[in-house]
Amino acid sequence: QVQLVESGGGSVQAGGSLRLSCAFSGDTFSDYAMGWFRQAPGKERKFVAAISPGGNSPYYTDSVKGRFTISRDSAGNTIYLQMNSLKPEDTAVYYCKANFHYYGGSKDYWGSGTQVTVSS
């Protein structure tokens, strides 16, 4: 069973930086596309960034382009989200997601989230 454990959240002032980590276990890491989502209070969970199983072709939601960088470390079975120039609107619980595609479908696994709070 795939397990995802996020870490690295915290409280920062606007303009600051944080690096989130997501540790993957329970299956073959290189078979999974990985991503980050976030959910602000009272709002639905939304896509932030994703990276392919091979580690190329990262992509981002428009609001974080140029500020956030997603990466993966295959040796450590971990993905990261480097967040720079943080804004109060980045405040949310950040969730890691693993996605596995098979013939005819796909399966998602989620972590339990880590809180990021950005104060103005």
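Biologist: Where does E6 sit, and what makes that stretch a strand?

Modeller: E6 is in strand β1, residues 3-7. Strands are DSSP runs of E with at least two residues, and helices are runs of H or I with at least four, numbered from the N terminus. This is a predicted model: local features need pLDDT of at least 70, side-chain atom pairs need pLDDT 80 or more, and totals for chains, interfaces and linings use all residues. Residues are numbered from 1 along each chain as its sequence is written, and side-chain values use heavy atoms, leaving out hydrogens and water.

Biologist: How do you know that E6 has no salt bridge?

Modeller: A salt bridge needs a side-chain nitrogen of Lys or Arg within 4 Å of a carboxyl oxygen of Asp or Glu. For E6, the nearest side chain of opposite charge is R45, 7.3 Å away. Lys and Arg count as positive, Asp and Glu as negative; His and the chain ends are not counted.

Biologist: What does the side chain of E6 reach instead?

Modeller: It reaches the backbone nitrogen of G113 at 2.9 Å. The backbone nitrogen of S112 lies 3.1 Å from a polar atom of the E6 side chain. E6 also touches W36 and Y94, among others. Contact means heavy atoms within 4.5 Å.

Biologist: Why is R38 with D90 called a salt bridge?

Modeller: Their side chains meet at 2.9 Å, N to O, and the limit is 4 Å. R38 lies in strand β4 and D90 in the loop between β8 and β9, so the pair ties together parts 52 residues apart in sequence. R38, R67 and D90 are linked in a network of salt bridges.

Biologist: What makes R38 and D90 buried?

Modeller: Buried means under 20% relative accessible area, exposed over 50%, partly exposed in between, with a 1.4 Å probe and protein chains only. R38 has 14%, so R38 is buried. D90 has 1%, so D90 is buried.

Biologist: What makes a set of residues a nonpolar core?

Modeller: Its members are buried Ala, Val, Leu, Ile, Met, Phe, Trp, Tyr and Cys residues, joined through side-chain atoms within 4.5 Å. The largest such core here has 29 residues. M83 is among those with the most contacts inside the core. M83 touches residues including L18, F68 and V116.

Note on methods. Polar contact = N/O pair within 3.5 Å; in protein donor to acceptor, adjacent residues only side chain to side chain. Lists of a residue's contacts leave out its neighbours within four places in sequence.
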